[in-house]
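Thanks, everyone. Let me put the model up, and we'll walk through it.

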Amino acid sequence: MIPQPTPTLPEELLLLALDPVRGKPFCRNRFLEYAMAGAALAELELQGRVTGQGGRFQVANPLEPPDPVLAGVIRSLPAPGKGGGSSGASAKRWVRHAGRRVEGLYLDALVERGVLRRETHRFLGLLPYHRHPVVAKDLAALARTRFDAAERAGFPDARSRALAALVSAAGLSRSVGTERGSRGAMRHLVHDHWPAHAVLRNIRQDRANQSGDGG
């Protein structure tokens, strides 16, 4: 097997979020879409390519990263000084509108690399939908091992804290986290991490909309 590159935050999140056998997310798919967009922003921030604060972000370094999927993401962001004025663009709005596309880009990339397999099913025999079982189960197991180790260590570095915040925001902590006491710490990380907070705000909006429709 061809050696796989070190996974980016969105790839790591996807490996944690998918049931490796059924290929179905452990959370609502729409919530995972938001989280994937947030993870892309978080990865770009870790690389020093975007900066964010107070729910807004802007491109700090427009040079495209080597990773082709991230390069496509950064091309879709407002150029410095555009799309959001001097304060930058709304992270919540971008996550909401870009989530499905970003998730699709990463699913396509991991299928192409042989990490995932795409299965097409039909709801009621009519409407097609996809599942993505994990082929490279060693990579999925390694992602879980890394997360478990970071959790036991209290998420000691910026990357592990960003991933933990995204896991919590998407509602994945019960499926991914192993330490009951760490779930509260992960929830607190969401509010300190602007990409994850943008994810959580969109999820809360969806839930509020559903409650309003039902009421």
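Start at the loop between α5 (137-152) and α6 (158-169): Phe 155 sits there. Keep in mind that this is a predicted model. Phe 155 has a positive phi, about 50 degrees, and it is not a glycine. Most residues other than glycine have a negative phi. Is Phe 155 buried or exposed? Phe 155 is buried, because its relative accessible area is 4%, and the cut-off for buried is under 20%.

Now the core. The largest nonpolar core has 65 residues. Leu 14, Leu 77, Trp 94, Val 102, Phe 147 and Val 167 have the most contacts inside it. Which helix gives the most to this core? Helix α2, residues 29-46, with 11 residues. In soluble globular proteins, nonpolar side chains tend to be buried together.

Take Val 102 from that list. Leaving aside residues up to four places away in sequence, Val 102 touches Met 36, Ala 37, Ala 40, Val 73 and Trp 94.

Next, the sheet. Three strands make an open sheet, ordered β1-β2-β3, with antiparallel pairing. β1 (50-53) and β3 (89-90) stand at the edges with a single partner strand each, so one side of each has no neighbour in the sheet. Four bridges join β1 to β2, residues 56-59.

Last, the surface. Phe 123, Leu 126, Leu 127 and Tyr 129 form a nonpolar patch there. Together they have about 440 Å² of accessible area. Of these, Phe 123 lies in strand β4, residues 119-123.

Terms used
Residues are numbered from 1 along each chain as its sequence is written. This is a predicted model: local features need pLDDT of at least 70, side-chain atom pairs count only at pLDDT 80 or more; totals for chains, interfaces and linings use all residues. Side-chain values use heavy atoms; hydrogens and water are left out. Two strands pair if DSSP finds at least two bridges between them. Helices (H or I, at least four residues) and strands (E, at least two) are DSSP runs, numbered from the N terminus. A nonpolar core is a set of buried Ala, Val, Leu, Ile, Met, Phe, Trp, Tyr and Cys residues joined through side-chain atoms within 4.5 Å. Buried means under 20% relative accessible area, exposed over 50%, partly exposed in between (1.4 Å probe, protein chains only). Contact means heavy atoms within 4.5 Å. Patches are made of residues with over 30% relative accessible area and no salt bridge: like charges are joined within 9 Å, nonpolar side chains (Val, Leu, Ile, Met, Phe, Trp, Tyr) within 5 Å. Accessible areas come from the Shrake-Rupley method with a 1.4 Å probe; for residues, only the protein chains shown count as cover. A salt bridge is a side-chain nitrogen of Lys or Arg within 4 Å of a carboxyl oxygen of Asp or Glu.
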